[in-house]
Amino acid sequence: MNRRHMAFTLPLLAALLIFCTPVLRSAADQTYEDMKMLIEVMNLIRDNYVQEIDTKKLVYGAAAGMVRVLDPFSQFLEPDAHKEMKTETEGEFGGLGIRIAIRDNILTVITPLPGTPAYKQGILPNDRIIKIDGDTTQDINIEQAVKKLRGAPGSKVSLTIGREGEKELKEFSLTRELIKVESIKSKMIDDDIGYVRLTEFTQRSAIDFDAALKALKAKGMKNLIVDLRNNPGGLLNVAVDVCRLFVGGNKLIVYTEGRRQPKQEFRADADAPYAGLPMVMLVNHGSASGSEIFAGCMQDYHRAVILGSESFGKGSVQSVIPLADGSGLRLTTAKYYTPSGRTFHRDEKTGKGGITPDIVIDVPRDVEVKLQTQEEEIFGRTTKPETKVDNKDKDKDNKDKEQPVRDEALDRAQQILKSRAIFMNLKES
C-alpha cells in the first residue's frame, strides 16, 4: 500500500472504530444488565422465599426457562433426563408408547406407537394432553412431561385428553409397559403388491426394511406401498439409509443448514437396489421428521406417489450439547431441506408446513381410531379362544359387533398401482 492510500485509509479506520465501539460496548452492557437482573432475582428468591431452596434448582429452572422461549423442540436436560435420552432411539424403553411435542404451548401427541398402551387405548395424533395424573400440563416442558409419563412397567398413569371436534374431555387410564419398538411390518396384500409399514427410524430400520423387501420380492412383489402414517421420525442417518434403497446416482437426499452451521449434504450411493420399483407412500398428520425427509426426497425426484394428509411439519435439527455437570442442552441449530430446497418445518406464526401429498385424503378422527384397532388385529394381536354360545347369542353378538371400516388411503394406493400396470400394458392399435 502506498503512502497516499495509507493517508486516506488510517483516518477512515479510526473513524469506523470510534463509531463502532459504542455500539459494541452498548450490546455488551445490555447483556451484562440483563444477567445482573437474573442474578438479582435468584438472590432475592434464595434470601426471601418462604422456605430454603437449592440454588442449583433455581439455576436449572432459569436455564429451562431460557430455552423454552426459543421453540417447542429445544430443551434443557437435567442430568437424569440427559442420561435417559438415548433410550428413545435404541428401540426399547418403558412408558406408554407415545411421541409428544409442545404445539401452541400445549402438550400434544405427535403419534402413538403401534402395539403400545397408548395405541391400544385409542390415543390419536394431535390429541392434547390437558392433565397427567390430575396435574395440569400448562407451562410444562417436554422433559417434565416425559418424566411424568414414564415409570415402572405395570404402574398406572391417567391422562385427560382434549380432542379436536369434541367438547368433552376424555379420561384414559393406562398401564405402563416396557416398550419395544418393532419398526417394520410387512406383508403381501395382492398377488404382486407388497406392503411395508415403517413405524419409526431406529438403529436397525434400514437393515430390516431391506430384509423385508427381499422377502416380499421372493413372494412375487412387483409394486410397493410404504406406510409412514404416524411415524414420528427417529435417527437421521437411518432415514437417509432408507432413502438410499430407492434413490441412486449419488443424488442429494436431504441437507441441513443453520445460522452457525454450514450446509451439510447427505447423498445417495451410486446404485440403489430398488431404484425401479413402482411405489406409493402413505402419510398423515402423525408423519414427522425422518418420515418427512423420506417422503420429501421421493416426491422431489418423482420416485413415488405421496398419498394421504399433510404431514406434521417437524423439519428442524436439534444438536445435543453436553454440559459440565452432566446436564445437556438440546438446541435447534439448523433446518432440514429436501433436494429441491424446500423446508417442511411448520411455521408457528402462519401454521404452514409439512409435506403436502400429491393426492390428499383426510381421514376423520373416529375412522383413525377404528383403523388403529383393525391394524392391530391384522398384525397378529392375540385373541381369546372362542367359547360355545347359543345361536341366538351368537347372532346378537354379530349384530353388536362393529363393522370394520375401509382404509381409503390404502385402497387408493392399490388402485394407483394396478392402474399403472394396466397403462403400462396398453399397446397402440
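Which strands do the buried residues of H11 pack against? I began with this, bearing in mind that the model is predicted, that local features need pLDDT of at least 70 and side-chain atom pairs count only at pLDDT 80 or more, while totals for chains, interfaces and linings use all residues. Residues are numbered from 1 along each chain as its sequence is written, and side-chain values use heavy atoms, with hydrogens and water left out.

**Entry 1, helix H11.** I found that the buried residues of H11 pack against strand S11 (193-198), strand S12 (223-227), strand S15 (279-283) and strand S16 (305-308), where contact means heavy atoms within 4.5 Å. Helices (H or I, at least four residues) and strands (E, at least two) are DSSP runs, numbered from the N terminus. I noted that H11 covers residues 408-425, 18 residues, and reaches 26 Å from its first C-alpha to its last, close to the 26 Å expected at 1.5 Å a residue; the expected span is 1.5 Å times one less than the number of residues.

I then listed Ala409, Leu410, Ala413, Gln414 and Leu417 as the buried residues in H11. They lie on the same side of H11, because they cover an arc of only 145° around the axis, the arc being that of the directions from the helix axis to the C-beta atoms. On the other side of H11, I saw that Ile422 and Phe423 are exposed. Buried means under 20% relative accessible area, exposed over 50%, and partly exposed in between (1.4 Å probe, protein chains only).

I looked up a nonpolar surface patch of about 480 Å², made by Met37, Val41, Ile45, Tyr49 and Val50. Such patches join nonpolar side chains (Val, Leu, Ile, Met, Phe, Trp, Tyr) within 5 Å, from residues with over 30% relative accessible area and no salt bridge, which is a side-chain nitrogen of Lys or Arg within 4 Å of a carboxyl oxygen of Asp or Glu. Ile45 is placed in helix H1 (residues 3-48), and counts as partly exposed at 31% relative accessibility.

Gln138 lies in the loop between S6 and helix H5 (142-149) and is exposed at 61%. I recorded Gln138 and Asn105 as 33 residues apart in sequence and 7.8 Å apart in space, C-alpha to C-alpha.

Definitions and conventions: Patches are made of residues with over 30% relative accessible area and no salt bridge: like charges are joined within 9 Å, nonpolar side chains (Val, Leu, Ile, Met, Phe, Trp, Tyr) within 5 Å. Accessible areas come from the Shrake-Rupley method with a 1.4 Å probe; for residues, only the protein chains shown count as cover.
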